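Subject: Structure for you to look at

Hello,

Here is the structure we talked about, followed by some notes on what was found in it. Please read the notes with the model open.

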Amino acid sequence: MLRNVVIVGGGTAGWMTATYLKEAFGDRLSVTLVESARVPTIGVGEATFSTVRHFFDYLGLAEHEWMPACHASYKLAIRFENWREPGHVFYHPFERLPKVQGFTMADWWLKLGGERFDKDCLVIPALCDAMRSPRYPDGELFERALHDGGDRPRRSTLSDQSTQFPYAYHFDASLLAEFLADLGTSRGIRRVRDDVLEVRQDERGWISHVVTREHGDITGDLFIDCTGFRGLLINQVMKEPFESYQDYLPNNRAVALRVPIDVVENGMRPCTTATAMDSGWIWTIPLSNRIGTGYVYAEDFCAPEDAERTLREFVGPAAAEVEANHIKMRIGRNRNSWVRNCVAIGLSSGFVEPLESTGIFFIQYGVEQLVKHFPDENWQPELTAGYNRAIARCLDGVRDFLVVHYRCAARADTPYWKATKERPVPAGLEERLEAWSVRLPDETSIYPYYHGFEAYSYNVMLLGLGGHLPQRSLPALDYLDDTEARAQLARVREQASALVDALPSQQEYLASVASG
Ligand code: FAD
């Protein structure tokens with residue numbers, strides 16, 4: 001058995017990895033985390049994906065224990081603004097589409113028509129518009145009465161993909177890293193605040209130890225690179241090539257602001273907002289004490305100073321005194337994220353732009369897969385290969401899903417948006433797009449490996465983006481009685497309105513969580 005794991009990097013990736021490994025293997029594995037006080041963390045990363053709930057469950061953390069400490073709020077959806085045309089809005093919620101007679105409500109909606117697909121077929125858009133909490137005052141989850149089933153048991157495992165949760169969170173990722181650092185050290189993780197100056201390898205090229213400024217050499221069996229975009233261990237030392245996604249996803253820069261707000265005055269939308277702009281898009285993420293916002297753009301189409309000016313104009317006077325954080329993004333993934341005795345997790349492993357909030361999801365998936373493939377002193381190559389396959393597929397799948405966002409957005413009014421329709425797409429996607437122009441995506445026609453997103457997400461995006469819709473509804477539906485489908489549409493309207501009446505506002509609910 002291996003005894004010692006050394007993690008380099010104390011951002012969100014480092015501390016999520018450390019605490020998860022400690023929870024999984026307890027005292028059988030010693031975990032040391034080395035983090036530099038000089039090299040800052042990335043300082044962004046506030047919206048998450050719905051499986052994140054299982055991470056907190058796995059650590060045995062209830063919401064009231066960590067949410068107030070991280071200024072967290074609920075995220076039920078992403079609100080897309082201006083992706084089809086100026087002023088157009090739709091939501092991509094964490095809510096699966098109901099089925100009627102074996103066909104999803106997306107298929108039925110194309111046949112029956114309506115005003116807005118997302119609001120006609122799903123309840124979460126109404127909760128977002130009304131800024132509702134997903135929980136009743138007694139803590140019960142809103143969806144108890146709906147088709148998706150009820151709350152999940154605590155201490156679930158991360159890998160249970162069937163239990164996609166109906167919401168995710170927004171939080172301050174730096175505060176989460178600090179919270180997990182305190183938790184981790186109380187659970188036996190050794191925390192070393194120091195700079196890694198050198199990484200030494202043995203004659204086979206395996207890492208033997210890291211050399212620190214003040215704590216000498218730190219030896220280990222397995223080394224985890226959580227050093228962010230610099231990939232200190234995996235790229236600089238192990239020389240693993242990084243495969244860029246830039247040909248498909250050109251956004252490679254962001255400028256971010258932390259804007260103080262009065263939540264009582266402004267309310268808190270329980271969703272991330274992604275607003276399409278001339279050369280990219282702006283995220284708006286409500287936390288309990290401020291808004292996180294940033295413009296993600298392609299430097300081929302926009303200069304950093306123009307991006308900052310655009311973002312400041314978008315936010316208004318509240319941003320006047322706030323310092324901007326300009327970030328260069330490395331978009332793509334390592335050819336392999338596990339090489340010999342070095343595993344990269346977090347930005348050092350790979351990243352796609354934050355459009356569907358998958359950075360922290362990749363960390364969670366990375367550490368979960370590491371536990372499943374954890375080696376012993378035999379270092380079976382099949383375990384390494386299995387891990388690398390799972391990670392590569394997950395990132396490639398998300399890449400493809402994001403390409404769909406740009407390619408299928410009706411918007412084509414600026415050079416940036418025109419180019420989204422002309423750029424090549426990853427292998428296999430062109431055929432899928434062709435198939436979807438006749439029949440909406442299902443589990444057999446989306447990217448075939450686990451990448452977090454299910455067919456319902458593709459349906460919601462295609463119907464919301466509006467630039468790549470089937471010409472007509474499915475012929476099969478003409479042979480079926482549509483009474484039940486019409487009843488389902490009516491039921492959604494009733495449920496949505498009853499929930500809006502019954503649920504507290506997110507701000508009221510979070511205040512009650514904070515006061516215990
Ligand atoms: P970092 O935060 O960069 O941490 C690196 C760590 O390594 C630091 O602790 C540093 O001190 C340490 N280090 C570096 N060199 C040394 C050394 N020599 N010795 C010792 N320590 C060292 N993700 C989401 O899930 N949702 C989002 O909404 C989201 N938005 C994003 C927006 C942007 C613009 C970007 C760029 C990313 C976003 N992400 C998002 C991704 C998310 O920020 C990261 O996945 C997450 O913060 C993890 O970062 P990290 O820990 O890998 O790297």
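In which helix does Glu178 lie? Glu178 belongs to helix 7, residues 173-186; helices (H or I, at least four residues) and strands (E, at least two) are DSSP runs, numbered from the N terminus.

Before going on, note that this is a predicted model, in which local features need pLDDT of at least 70 and side-chain atom pairs count only at pLDDT 80 or more, while totals for chains, interfaces and linings use all residues. Residues are numbered from 1 along each chain as its sequence is written, and side-chain values use heavy atoms, with hydrogens and water left out.

Glu178 has a relative accessible area of 38%, so it counts as partly exposed. The cut-offs are under 20% for buried, over 50% for exposed, and partly exposed in between, with a 1.4 Å probe and protein chains only. Glu178 is 168 residues from Gly10 in sequence, yet their C-alpha atoms are 8.8 Å apart in space.

Now the ligand. There are 34 residues around the ligand, and Gly10, Val39, Ala47, Val196 and Ile360 come nearest; a residue counts as near if one of its heavy atoms lies within 4 Å. The shell has 17 nonpolar, 12 polar and 5 charged residues. In this scheme Ala, Val, Leu, Ile, Met, Phe, Trp, Tyr, Cys and Pro are nonpolar, Asp, Glu, Lys and Arg are charged, and the others, Gly among them, are polar. Helix 1 (12-25) and helix 11 (359-372) each supply at least two shell residues, and helix 11 gives the most, with 3.

A ligand nitrogen is 3.1 Å from a polar backbone atom of Ser36, and a ligand oxygen is 3.3 Å from one of Gly359. The protein covers 97% of the 1000 Å² of accessible area that the ligand has on its own, by the Shrake-Rupley method with a 1.4 Å probe.

Next, helix 2, residues 52-59. Gly60 follows helix 2 and has a positive phi, near 75°.

Why does Met16 count as buried? Because its relative accessibility is 1%. Met16 sits in helix 1. Beyond its neighbours within four places in sequence, Met16 is in contact (heavy atoms within 4.5 Å) with Phe55, Leu180, Ile360, Ile363 and Gln364.

Regards

Notes
Polar contact = N/O pair within 3.5 Å; in protein donor to acceptor, adjacent residues only side chain to side chain.
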